[in-house]
Amino acid sequence: MSSAGRLPTGGRIDRARPIKFSFDGRSMSGFAGDTLASALIANGVSLVGRSFKYHRPRGILSAGSEEPNALVEMRAGARREPNTRATSVELFDGLQAQSQNRWPSLGFDILALNGLVGGFLSAGFYYKTFMWPAAFWEKVYEPLIRRAAGLGRSAGAEDPDHYEKSHAHCDVLVIGGGPAGLMAALTAARSGARVILADEDFLPGGRLNAERQEIDGAAGSIWAATVAAELSSMPNVRLMRRTTVFGVYDGSTYAALERVNDHVAVPPPFQPRQRMWRIYARRSILAAGALERPLVFANNDRPGVMLAGAVRSYINRFAVTPGQRLAVFTCCDDGWQAAIDAAAAGISIEAVIDSRAEASPALGGELGKRDVRIFRGAEVIRAVGSRGLQAIEVRDASGRISSILCDALAMSGGWSPITHLTSHLGGRPVWNESLPAFVPGTLPSGMSVVGAANGAMALARSLAGGRDAGASAARDFGRSASDAPLPKADDEPATVRALWHVSGGRGPAFVDFQNDVTAKDVGLASREGYRSVELLKRYTTLGMATDQGKTSNVNGLAILASELAQPIATVGTTLNRPPFTPVSIGALAGHHRGKDFRATRLSPLHEWAKTHGAVFIESGAWLRASWFPRPGEKDWLESASREVRAVRSAVGLTDVSTLGKIDIQGPDAGTLLDRVYCNTFSTLAVGKARYGVMLREDGFVMDDGTTSRLATDHFVMTTTTANAVGIMRHLEFCHQGLWPGLDVQMTSISEQWAQMAIAGPKSRETLARIVDRQHDISDAAFPYLTAREITILGGTRARLFRISYSGELAYELAVPAGVGNAVAAAIMEAGTDLGIQPYGLEAMGIMRIEKGHVAGSEINGQTTARDLGLGKMMSKKKDYIGRVLAERPALAAPDRWGLVGLKPVDWTTRIRAGAHLIPIGAATTTANDLGYVTSVAFSPSLERWIGLGLISGGASKHGTRVRLVDLLRGSDIEAEVCDPVFYDPKGERLHG
Amino acid sequence: MADRKIASRSALAGLAKSGALGVSKGVPGVRIREITDFAAIGIIARRGRAAEVAAILSRHVGSPVVDAAKRAGAGAVSITGTAPGQWLAISRGPGTSLDELRTELAGLAAVTDQGDGRLIIEVTGPRARDALAKGVAIDLDAGVFKVGDAAQTSAAHIGLQIAPIDEAPTFEIISARSTAASFWSWLESSAAEYGIDVA
């Protein structure tokens, strides 16, 4: 197979494995080992996308993850992903890519007109233009701008692939698989240290794959392959290809993204698309390499203008030709290599333009003999051509301007170390004038930097730096690193003289290609007073978006420095934050999506409830049975009302397993309880249960529940479902922090016990049928508030509590969780002829409102025990948490909001929780607000709507009337304030 | 009323059906077994009595029990340190009980039944570490997390106790009953690419 842009031989591609793909619907082919970018070049595609603001035609600038231009939409349907860098997409069979940010087509784009009015779209254009009228911003301007500016489209459908996270630990994490990284990893690994080498490429070797430099007398890529093979074979090494370390965090923690299956159309079954790694590394060696800087001259964004290093990557690694007639524009020695390599590949070299008059005559080697025009002390002032490069205008040392025809221009402004990861914990890179570039400053603890990332821009120095860092890390772990001889390599010439901006050409000179920021914009921003680099970034958007300014930051800062007439070192640089390259939200979520977003807790009675057709509701992490519909019932209210009537007239069973259960033992258990509850527990008799209220330190109610005493030194506490974890934590804090001297042992038994309430006049009769006969549960032997360990169903251990939330004769039965379903089923069977029914949260809620019991709506963090009518429980004989602050005058004021019952005057009217209490005849204003409705229910027992509420003055308002005003739902209902206990106010049914 | 025998239901009952899951070619990389017959008690030493409790536990299990995150016991009974002065004792086997130990500890420690609130599984196989690393953040390497070690950690936001119990490696994982379904969902999804055999 041959194609226009493919060299007949060479490259690290597998010509035996052709690959079919498509771009903008056009079928094309490439080879295994290609990137999408190299395959596009092989197919003669140079126009790849349109720019963000001016919609200018753009090609491929780089050959790596720094690419600002060649952003494409990958894949189709639910897998579609925008803004993918064609330069780092590994080619696969069936790959579909579309150009983006163009309409109607890539070749003809309407919004390219923006380019013609470019003068208006200068720095801060949006801020300046779309200011008035302010109301227009959200409704008119922003949607318009977003439509015009959008880079690509998201899939708009659920991602069909799965993502996951993983953890890894190592002695040494080597970041980057170029010569320095490979050498560091090899040295550390041979010492026996646990090593992880993470490389973002699919082929280890870094620049060795893109250059023709030799190591040990053979191609550098062969050395890289040999080292990678040795590393792969070592049990103490994890070689992670396609893995980008994108963040550094506290505690020597690193985040990495492994693109497990980005290089196939659909991940194999059960494999993730991507995997997010959290890597714990005792030491890290950053060998991330360097990024080449573009040169800033007019129309430097034309397709065909490419970084010189990228030109070498395409020729040497991918065996593709970015053009037939190449010119080179450089301010450093390294740029010349592009001309040398291209000439060796048979590409016609039209010219080499070095801005340095003093550039060494030795540079270029044989080029002179090939009749190549060589300019020293000259500059390319303008690129000519629109959708593709046609020529360049060169101003030579004497100032004469000539035009040179070419279809590709390799440019090199020198290389900047990739210092990003060194800044993630705040380290500020420092300016090195000789490079000239920023080099790492203060490093994250445990990190060292080697190779080009540390400013060592030549091969032999990189290898030596890698070996030394690997050996030093090994020694830190007490391992001896054998002084393996360094592989033989040369240091290539690497002198450079900065060239930040070439002026004089007609047309925009781009600094940031992705955001269409020009040298002029930087100048304008500076003149408008945006003199700090941070402000420059935000005002011009220089360095934002997917590439985070990888190719633009240093040029931008340098131009700003020149405008301000300050040294670059003084102007400084913005600090990089994670992530180094974009990370998909899917990878961050991993397994935790859909039902797995967080763990769901299932009650030990879950199966039982399911069997009875329960409708479940999420309640915190729990799924709780809400009601149990029967055929013909039209809504939850009908079902719940029927369940209430069953409990009030016969017997019902409900699941209360989700309540927190805490086992408290030890000689000082009673003392602890006395201090955490506002009422007294040390006096509770063995075998008895008591309702308790806990206050926060500030005097407000924290939680309530019953606590029972099973033995002198053994209590069992229950908490509300919502506070189960919080109360355990509170008790642990009290014990460990406040009173470590108490001999008390606490442990959560929430998971151990299934607990169910059996309530109703026939509850005793039902229970008696399953309780083992030696346990007498008659009213005399087992009166209200008795709590005892018993056995049921022939020896199953259980705890029986005669307590009632419903207001009926009722029990709570706790059994080991494993038998929860079976016991509930046995009770249902035992009570069949007595009319037993399962009941859910809704019925429970109705009955507690009928009884005036407070729950989460009333214990809302703003109410005191007095507010809730529980003031008498506050002991005056002992100290307890919250006692002092509960006595603050405002908390004891007679006009505080207190708990009352509310009955609509018209008994048929439905009332709503949340309605405010307003005096009759008064305006509905905040000033007239007396309180609000906290809970409402339709009481099947009273056959009317009832409510609980908080009203200023509390019980003193009994018998008065107020309006329940709900401005949101538009209701205004007159109601009578009454005692909150609507049903069986004397509590006679409890004792039945 | 006649005595009726009622069946206990394990935490993964109905979830982890025995057989193959995930990738089905070759030897499964991960084998998972739920331990269904066991008793467990939580033990917290009374103030100042941790050493005496540890001594009794050592005698009971037949190897030294220390007040640290370690797991002692190679047979049916194991004891794992879960917090300062606290241990979880587990006895495996049908009809097993820890009542004898409970009696010995009377007055020295607070003992609570915990077996019904727990899920116990064993995860083994050549890819067990890789699968578990997808949720467990601690270092599971053979040279770091050794037989006899134990840790309280979490996976997929679910708390768990983990210990390597042999060098296969086999990991014993103990977690809460209520989150067993969510835990299983994570484990199955994490191990599927290696092939799973559920005992």
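Q: What makes helix α16 and helix α21 of chain A a crossing pair, and at what angle do their axes cross?
A: The axes of α16 (residues 636–649) and α21 (residues 841–850) of chain A come within 8 Å and cross at roughly 65 degrees; axes here are lines fitted to C-alpha atoms, for helices over the stretch in contact, and angles run from 0 to 180 degrees between N-to-C directions. Helices are DSSP runs of H or I with at least four residues, strands are runs of E with at least two, and both are numbered from the N terminus. The model is predicted, so local features need pLDDT of at least 70 and side-chain atom pairs count only at pLDDT 80 or more, whereas totals for chains, interfaces and linings use all residues. Residues are numbered from 1 along each chain as its sequence is written, while chains are lettered from A and ligands numbered from 1 in the order in which they are written.

Q: Is the crossing of α16(A) and α21(A) left-handed or right-handed?
A: The crossing of α16(A) and α21(A) is right-handed, a word used if the near helix is turned clockwise from the far one by less than a right angle, left-handed being the anticlockwise case.

Q: Which residues make the contact of α16(A) with α21(A)?
A: On α16(A) they are Trp636(A), Ala640(A), Glu643(A), Val644(A) and Val647(A), and on α21(A) they are Glu842(A), Ala843(A), Ile846(A) and Met847(A); two residues are in contact if their C-beta atoms, placed from the backbone, lie within 7 Å. These residues divide into seven nonpolar, no polar and two charged, where Ala, Val, Leu, Ile, Met, Phe, Trp, Tyr, Cys and Pro count as nonpolar, Asp, Glu, Lys and Arg as charged, and the others, Gly among them, as polar.

Q: Why is Thr87(A) called buried?
A: Thr87(A) has 26 other C-beta atoms within 10 Å, and a residue is buried if 20 or more lie within that distance of its own, exposed if 12 or fewer, and partly exposed in between, with C-beta atoms placed from the backbone; Thr87(A) is therefore buried. Thr87(A) lies in the loop between β6 (81–85) and β7 (95–99) of chain A, and, not counting residues up to four places away in sequence, touches residues including Thr35(A), Ile60(A) and Glu67(A).

Q: What makes β34 and β40 of chain A a pair?
A: Strands pair if DSSP finds at least two bridges between them, and four bridges join β34 (residues 652–655) to β40 (residues 753–759) of chain A, which run antiparallel. Leu653(A) has Ile758(A) as its bridge partner in β40(A). Both strands belong to an open sheet of six, in the order β41-β42-β43-β40-β34-β44 of chain A, with mixed pairing.

Q: What makes β41 and β44 of chain A edge strands?
A: Each of them, β41 (787–792) and β44 (837–838), pairs on one side only.

Q: How does the radius of gyration of chain A compare with that of a compact globule of 992 residues?
A: Such a globule would have a radius near 30 Å, but chain A has 38 Å; the radius is taken over C-alpha atoms, and the globule rule is 2.2 Å times the number of residues to the power 0.38. Buried residues make up 54% of the 992 residues in chain A.

Q: How many residues of chain B are in contact with chain A?
A: There are 42 in chain B, in contact with 39 residues of chain A, and α4(B) gives the most to this side of chain B, with six residues.
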